[in-house]
Amino acid sequence: MARLTEENVRLAREIIARYPRARSATIPLLHLAQQQDGYVSNDAMVHIGELVGATSAEVFGTASFYEMFKFEPVGKYLVNICGTMSCALMGADELIHHAEHALDVKLGGTTDDGLITLERAECQAACTEAPCLQVNYRYRFRVTNESFDRLVDDLRAGRLDAEIPPHGTVARVRQRVSADRIVGAVAPEDVTDGPTWFDGKAAL
Amino acid sequence: MTSTETNVTSDENQPPVDPNAVTISINGRQVAARKGELIIAAADRSGDYIPRFCYHPRMSPVGMCRQCLVEVEGPRGPMMVVSCMTPVADGQIVRTDTPQVKRAHEGILELLLANHPLDCPVCDKGGECPLQDQAFSHGPGESRFVEEKRHYEKPIPISDIVLLDRERCILCDRCTRFADEVAGDALIHFTSRGNNTQVLTFPDEPFSSYFSGNTVQICPVGALTAKPYRFKARPWDLEKVESTCTTCSVGCRITVESSRDQLLRYQGVDSDPVNWSWLCDKGRFNFEAVASDARLEQPLIKRDGQFVEADWSTALRAAAALVSSALRDGGAGSVAILGGARGTNEDAYAWSRLARALGTSNVDAQLGDGLPSTVFAYPQATIDEAANASTVILLGPDLKEELPVLHLRLRDASEKRRSKIVEFGAKESGLTRYAWKHTGHEPGQQVAAVRSTLTETSVVSQLGKGSVVVVVGRGNLAESPEFTMSALAAVMELVPNAKVLPVLRRGNVRGALSAGMGSGSAAEILERAAAGKINCLVLVGADPLADFPDADLARRALTAVPNIVSLDTFMTTSSSQAQIVLPAAAFGEKDGTTTNLEGRVSQLSRKVTTRGTSRPDWMVAVELADLLDIDLGVGSVHDVFDQMVTTQSAFRPIDRSAIKASPDGVLLAHVGSAPIASPVPEVPERAGFSYRLVVSRKLYDAGQNVANSPSLASLAPGSAIYLHPLDLDRLGAPAGSNVKAIGARTSVVMRVEADASVHRGTAWVPWNQPGGKVGELIDASALVNDVRLENI
Ligand code: SF4
Ligand code: SF4
Ligand code: FES
Ligand code: FES
């Protein structure tokens with residue numbers, strides 16, 4: 001869809017400045033692009049390549065390694081139902097079947113109103129709470145058909161807006177770091193002494 | 001493999017001890033190796049073949065395929081390691097032949113084949129495929145994998161030339177590593193992850209690298225194929241000989257491969273001092289031009305303005321008559337010969353011998369687009385010396401566009417060997433990204449630029465750090481070559497022990513000049529011709545109307561010369577003006593030797609029969625001489641060679657057996673002493689609102705080689721005038737629109753484009769592009785050329 005906005009380019013430059021090599025900022029900038037558009041567009045990857053000094057193919061190669069970067073538009077909410085062993089034993093397949101009918105989409109599809117994209121995911125490390133799912137990576141445990149329908153109602157009615165921001169929002173990645181908290185990374189070849197926290201006495 | 005330099009002082013009584021020497025044991029035998037060397041490389045030398053897919057001796061190891069597992073004795077018993085990632089160590093015990101190693105090799109192959117389509121019968125690689133071969137030699141013979149294989153759309157084009165079949169790909173990272181590490185064009189990359197991993201380009205951004213063909217050669221399976229060769233032959237039907245590419249003067253070693261007397265493929269051969277196995281796509285794929293239907297096959301004589309076919313004896317007799325009548329009417333000075341840089345050393349020598357016998361010195365192998373041959377009089381550097389120098393000073397053309405594999409060697413030097421590149425240029429080049437310093441200058445200002453940059457404190461200290469090589473050529477066809485020569489003299493004055501690598505680009509220009517084809521200058525010859533002083537002009541593979549920078553002078557000259565004889569492979573614009581056109585044998589159709597830009601003489605080999613009745617250039621010279629009652633004293637290409645090495649001082653250290661014995665070639669002797677620096681010509685002021693013209697080459701142009709190779713012809717970018725984006729803004733013309741370019745003599749309409757690599761105040765036009773008319777704007781007698789641009 002779009003290149004990074006002017007505001008985001010400023011932010012991107014701030015992020016790049018935190019690393020000794022511009023290319024190291026590739027992943028944070030991909031998050032930024034996904035936050036801007038809800039997915040990572042081709043234009044954004046070209047733009048990121050220009051900003052960090054990489055070819056678009058290199059940015060795409062890096063980005064496509066990660067399942068959580070989407071290259072096609074997805075709904076405002078990405079619903080990932082876990083389909084791995086514990087969840088499967090506890091009825092994930094039935095839940096997926098139900099979800100497909102309730103939303104009238106196939107796995108990987110997006111509802112007509114553009115609100116929800118449905119996906120099957122691998123183990124989400126909540127096996128004791130099977131079957132489970134994530135909405136924009138926020139957990140819902142021991143999901144039943146009924147609780148799934150309630151979840152969809154709540155999402156549609158906007159009752160979960162406070163808890164679940166739109167897909168791509170990087171709530172937990174600190175895009176702004178105050179000056180006193182910057183670690184001051186240096187290129188490996190420029191490191192002359194041990195890390196600042198290492199006083200030479202600690203047992204390593 | 002590269003080894004670290006060592007400084008061992010040898011003592012008379014003590015044999016020198018090499019601190020980098022180690023001894024390892026491979027399968028119980030002692031093998032001498034060097035620190036830093038990989039086990040797989042040591043094993044290659046000892047003859048213990050270890051199967052491999054991703055390892056390539058010219059690229060850094062990645063351990064991608066795991067096929068090269070061997071056992072190394074460790075403190076806790078034998079351990080399986082990948083031999084392409086494990087360096088040797090003194091006393092290391094390696095086994096490549098135990099049952100465990102065999103099992104490992106079989107296991108990896110079974111895995112690699114699990115998803116492999118096994119469509120060998122329709123695969124270009126079948127018959128020379130490392131996967132096929134090693135599946136037989138090291139595989140289990142059978143697979144336990146019975147499930148459905150992974151499927152992808154069968155080949156997808158990843159560029160205009162290369163196709164990718166992802167089902168066959170074994171993810172060895174050779175092509176992607178090459179693109180990034182060697183070519184510097186990281187336009188293909190692994191994408192996705194796990195079972196979905198695949199090589200791809202960015203959507204709609206093709207792998208348009210000048211070096212893409214190398215990935216096809218090094219792909220260990222048939223995943224990458226090249227259009228010009230796809231489905232043309234099976235490897236076992238190909239016959240090959242080793243030869244040297246003469247498309248440009250780098251002189252890459254190649255194999256010339258044919259089937260049923262048709263050239264079908266050139267492959268790179270690893271010549272350590274020259275091309276390291278790499279080729280550029282222009283050199284690799286222009287075999288298509290040799291096979292082109294447009295080739296001349298029969299001598300042609302013009303009768304009433306029309307060419308009619310003639311037999312050789314009639315045509316030669318007619319040519320001899322033209323030469324003798326010119327001699328009779330105007331004396332020897334009224335005969336001129338242009339060309340010779342396209343052929344072999346023998347071709348050039350035979351023609352220079354004939355010229356001398358006729359008594360004319362109106363002879364030039366360059367067409368006003370090179371440098372005076374005094375450039376060879378400086379202490380000469382080899383490509384290796386340039387690539388290993390601690391500082392490389394670039395004074396001249398964009399090597400990526402003109403001498404692509406030399407570009408790769410210098411790029412490697414700056415990326416891996418940390419040589420520092422100091423570049424001077426009227427435009428940024430393919431190496432600017434890798435340069436330590438780039439000094440932009442207006443045309444004609446190179447001496448000032450050299451003097452100020454090379455006296456900066458940081459540069460002075462860098463120059464003092466080790467050897468310095470100056471790479472010098474003609475960077476701008478729209479300025480006098482004197483500027484480059486003066487700049488070179490200035491460098492040599494500031495860095496007296498620097499060596500010089502002249503980079504004149506025509507395939508065998510150095511050989512032709514050394515063989516005596518440089519006694520005149522094309523510009524003067526054409527001036528004389530335009531003044532009516534040349535009665536007979538012989539073009540030996542030369543096309544002044546297309547190649548001489550000053551179009552007006554070339555046109556006036558060729559119109560004024562009453563008799564032109566052209567010896568060429570194609571009907572060029574210049575040969576269509578000739579009275580007699582003789583068909584010449586092309587590359588791959590003749591034996592002989594060639595000389596690359598560093599003066600390396602190597603063997604050229606004939607692989608296919610000459611087209612039609614065409615003959616090699618040297619033979620035509622000898623036959624023409626015969627008809628003029630001149631005995632050149634040669635009857636075969638070997639005679640020509642032997643006479644050349646005895647009479648031409650530069651060739652003197654070379655004999656035929658030396659060349660036979662050394663596939664890498666033999667270096668010419670260095671002749672002459674450094675020329676006296678001529679005073680720097682005064683550059684005229686540039687009028688406001690005009691741009692100083694920079695004209696240089698792109699790899700793909702309208703030249704015969706490219707134009708007659710269908711796979712390459714469409715890659716020429718086309719003619720346009722490029723301005724710095726800010727200058728374009730000032731002009732107020734939108735990019736892509738047509739403007740009127742007004743030169744000193746005339747004006748032409750050209751498309752205008754923005755390009756940030758063009759310096760402000762200059763206008764850059766690529767030379768000899770299809771439909772290009774930039775020659776109209778160049779006055780060869782002017783020091784520099786300016787253009788004004790007007791919106792239309
Ligand atoms: S396409 Fe060929 S060279 Fe490239 S990764 Fe696949 S197998 Fe290797
Ligand atoms: S760099 Fe020159 S010599 Fe080498 S392959 Fe290309 S054209 Fe031929
Ligand atoms: S199997 Fe579903 S969370 Fe682990
Ligand atoms: S050749 Fe060693 S891992 Fe591929």
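A crossing of two helices is called left-handed if the near helix is turned anticlockwise from the far one by less than a right angle, and right-handed if it is turned clockwise. Helices here are DSSP runs of H or I with at least four residues, strands are runs of E with at least two, and both are numbered from the N terminus.

Before I use that, some housekeeping. This is a predicted model, in which local features need pLDDT of at least 70 and side-chain atom pairs count only at pLDDT 80 or more, while totals for chains, interfaces and linings use all residues. Residues are numbered from 1 along each chain as its sequence is written, and chains are lettered from A and ligands numbered from 1 in the order in which they are written.

Now the crossing. In chain B, H2(B) passes H3(B) in a left-handed crossing. H2(B) covers residues 99–114 and H3(B) covers residues 130–138; their axes come within 10 Å and cross at roughly 140 degrees. Axes are lines fitted to C-alpha atoms, for helices over the stretch in contact, and angles run from 0 to 180 degrees between N-to-C directions. That angle makes H2(B) oblique to H3(B); under 35 degrees counts as roughly parallel, over 145 as roughly antiparallel, 65 to 115 as roughly perpendicular, and the rest as oblique.

Which residues make the contact? From H2(B) they are B:His105, B:Glu106, B:Leu109, B:Leu112 and B:Leu113, and from H3(B) they are B:Leu131, B:Gln134, B:Ala135 and B:His138. Contact means that the C-beta atoms of two residues, placed from the backbone, lie within 7 Å. By class, this contact has five nonpolar, three polar and one charged residues. Nonpolar covers Ala, Val, Leu, Ile, Met, Phe, Trp, Tyr, Cys and Pro; charged covers Asp, Glu, Lys and Arg; the others, Gly among them, are polar.

Chain A has a helix pair to set beside that one. H3(A), residues 42–52, and H4(A), residues 56–63, pack at an angle of about 115 degrees with their axes 8 Å apart. That makes H3(A) roughly perpendicular to H4(A). H3(A) passes H4(A) in a right-handed crossing. H3(A) contributes A:Met45, A:Val46, A:Ile48 and A:Gly49, while H4(A) contributes A:Ser56, A:Glu58, A:Val59, A:Phe60 and A:Ala63. Six of these contact residues are nonpolar, two polar and one charged.

Next, where the chains meet. Nine residues of chain A are in contact with twelve residues of chain B. H4(A) supplies the largest share of the chain A side, five residues. That side has three nonpolar, five polar and one charged residues.

On to chain B as a whole. Chain B has 25 helices and 34 strands. Its radius of gyration is 28 Å, close to the 28 Å that the globule rule gives for 792 residues, so chain B is as compact as a globular protein of that length. The radius is taken over C-alpha atoms, and the rule is 2.2 Å times the number of residues to the power 0.38. Of the 792 residues of chain B, 54% count as buried. A residue is buried if 20 or more other C-beta atoms, placed from the backbone, lie within 10 Å of its own, exposed if 12 or fewer, and partly exposed in between.

H1(B), residues 39–46, shows burial locally: B:Ile39, B:Ile40, B:Ala41, B:Ala42 and B:Ala43 are buried. Their cover includes strands S1 (21–26), S2 (29–34), S3 (69–74) and S5 (93–95) of chain B. After H1(B) comes B:Gly47, with a positive phi near 85 degrees.

Leaving out residues up to four places away in sequence, B:Ser690 touches B:Asp786, B:Val787 and B:Arg788.

Most residues other than glycine have a negative phi, and most peptide bonds are trans. B:Asp204 has a positive phi near 60 degrees; B:Asp204 sits in the loop between strand S9 (198–201) and helix H5 (213–218) of chain B, and counts as exposed with 7 C-beta neighbours inside 10 Å. B:Phe231 also has a positive phi, about 60 degrees, and is exposed, with 10 other C-beta atoms within 10 Å. In chain A, the peptide bond from A:Ala130 to A:Pro131 is cis, with omega near -10 degrees.
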